[in-house]
Amino acid sequence: MKRMIAGALMVLALGSMSMAEAGDGSATYKAKCLPCHGADGKGTAMAPAFAGNEYIKTAADADITDVIVKGRQGADKKYKQFAIGMPAQKLSADEAKDVVAYLKTLAGK
Ligand code: HEC
């Protein structure tokens, strides 16, 4: 019986490990977005916050993805208080999808 329980726990542990690897938008966020957008999407002096961000809450995933992979520079810039624009990010389609889902959770949606 003990062995069966240990076995079941192993399977659970392995299952949650692989889930964390595939589809973990927070890992991409920490690696590529956090320096500008801040821990937990709270924003920094360089870039806007995602927490409570109406655009993230209401825009279509495809539009948010566009901003991320194409960037937002020059005349397209929305926030004049930040000196820099949003640099285009090299992400796979999966990474982009996962990071958009993560931004939605940061925005509180
Ligand atoms: C070098 C700093 C920098 C990095 C790195 C960066 N951003 Fe940005 N981001 C900005 C700035 C600045 C803006 C505001 C642009 C503007 O004025 O419209 C912005 C805007 C955005 C917006 C639009 C927000 C809104 O309210 O309209 C999204 C979405 C976004 N970034 C996502 C990301 C994601 C996802 C990553 C990581 C994969 C990332 N950014 C990495 C600086 C950065």
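A residue is called buried if 20 or more other C-beta atoms lie within 10 Å of its own, exposed if 12 or fewer do, and partly exposed in between, with C-beta atoms placed from the backbone. The model described here is predicted: local features need pLDDT of at least 70, side-chain atom pairs count only at pLDDT 80 or more, and totals for chains, interfaces and linings use all residues. Residues are numbered from 1 along each chain as its sequence is written.

The protein chain holds 5 helices and 0 strands, where helices (H or I, at least four residues) and strands (E, at least two) are DSSP runs numbered from the N terminus. Of its 109 residues, 17% are buried. Two residues are in contact if their C-beta atoms, placed from the backbone, lie within 7 Å, and among contacts in the protein chain between residues at least 6 apart in sequence, 54% join residues at least 24 apart.

Two residues can be set side by side.

Most residues other than glycine have a negative phi.

T28, leaving aside its neighbours within four places in sequence, is in contact with L91, E95, D98 and V99. T28 and Y102 are 74 residues apart in sequence, yet 9.4 Å apart in space, C-alpha to C-alpha.

T28 also takes part in the meeting of two helices, where G25, S26, T28 and Y29 in α2 meet E95, D98, V99, A101 and Y102 in α5. The residues of this contact divide into 4 nonpolar, 3 polar and 2 charged, where Ala, Val, Leu, Ile, Met, Phe, Trp, Tyr, Cys and Pro count as nonpolar, Asp, Glu, Lys and Arg as charged, and the others, Gly among them, as polar. The axes of α2 and α5 (residues 93-107) come within 7 Å and cross at roughly 90 degrees; axes are lines fitted to C-alpha atoms, for helices over the stretch in contact, and angles run from 0 to 180 degrees between N-to-C directions. The two helices are therefore roughly perpendicular to each other, a term for angles of 65 to 115 degrees.

Around the ligand there are 24 residues, of which C33, C36, A47, K78 and M86 come nearest. The elements giving two or more residues to this shell are α2 (25-37) and α4 (61-70), and α2 gives the most, with 5 residues. A residue is near a molecule if its C-beta atom, placed from the backbone, lies within 6 Å of it.

Note on methods
Parallel < 35°, antiparallel > 145°, perpendicular 65-115°, else oblique.
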